[in-house]
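Let's take a look at how this chain is put together on the inside.

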Amino acid sequence: MTKLGAIILCGGASRRMGRDKAVLDWDGARAVDRVAALARAVGAQALVTAGADLGLPWVPDEQALAGPVGGVLAGARALGAERLLVLAVDAPTLTAEDLAPLLATGGYYEGLPVPMVLETAALPADAQAGWPLRRLAERAGLTALPVPDGALARLRGANTPEERAALNLSSRP
């Protein structure tokens with residue numbers, strides 16, 4: 001069994017950006033590739049994208065258009081990992097330092113259900129694809145950690161031109 005697996009939730013077109021967030025350019029790399037590289041850098045032995053085939057191992061959502069929980073459940077089954085690192089494809093601005101507290105304790109940041117780290121055994125047996133992600137986090141017993149000062153835009157993914165500018169990133173979509 002893999003100790004740490006990563007699930008990258010791919011939500012399709014962004015209402016804020018008008019196109020698929022996974023393929024947004026971030027300093028010469030697609031957002032999905034940056035998030036996958038980060039997952040590997042923090043120790044994920046295996047990863048899948050949930051909901052979209054973007055050239056990486058992937059799983060379809062458990063139920064189309066039901067929300068991210070279906071992707072988490074499908075990814076958990078596919079990975080067979082003890083712990084799951086759940087990331088959003090639209091957060092290519094995350095850093096290993098951002099993930100360190102979550103990897104040490106499990107949990108998620110207040111107000112942001114992803115990124116999250118949870119034990120696979122803690123997934124509720126009655127979890128359903130249509131649940132809100134926060135319900136899954138709460139039912140799995142995850143702790144909400146405070147957002148570090150000044151980190152909100154980075155944790156959210158800074159995927160609008162305004163958020164990119166706030167982080168001194170390229171403002172091109």
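## Strand 6 and its partners

Strand 1 (residues 2–9) and strand 6 run parallel in this predicted model, with seven bridges joining the two.

Strand 6 itself, residues 81–88, is mostly covered, with seven of its eight residues buried.

## Helix 1 and its buried face

Now for helix 1 (residues 31–41), where Ala31, Val32, Val35, Ala36, Leu38 and Ala39 are buried. Looking down the helix axis, these buried residues fall within an arc of 160 degrees, so they line one face of the helix.

What do they pack against? Their neighbours are strand 1, strand 2 (25–26), strand 3 (29–30), strand 4 (46–50), strand 6 and helix 3 (96–105). Just past the end of helix 1, Gly43 has a positive phi of about 110 degrees.

The largest nonpolar core has 30 residues, and Ile8, Leu85 and Leu99 touch the most other members.

Setting aside neighbours within four places in sequence, Leu99 is in contact with Leu38, Val42, Leu85, Leu87, Leu94 and Pro115. Apart from this core lies another, of 27 residues, including Ile7, Val48, Val114 and Leu118.

Terms used:
Residues numbered from 1 in each chain as written. Predicted model: local features only at pLDDT ≥ 70, side-chain atom pairs only at ≥ 80, totals over all residues. Heavy atoms only, no water. Buried < 20%, exposed > 50% of the residue type's maximum accessible area, 1.4 Å probe, protein only. Helix = DSSP H or I, 4+ residues; strand = E, 2+ residues; numbered from the N terminus. Pairing = 2+ DSSP bridges. Arc of directions from axis to C-beta. Contact = heavy atoms within 4.5 Å. Core = buried A, V, L, I, M, F, W, Y, C linked by side-chain atoms within 4.5 Å.
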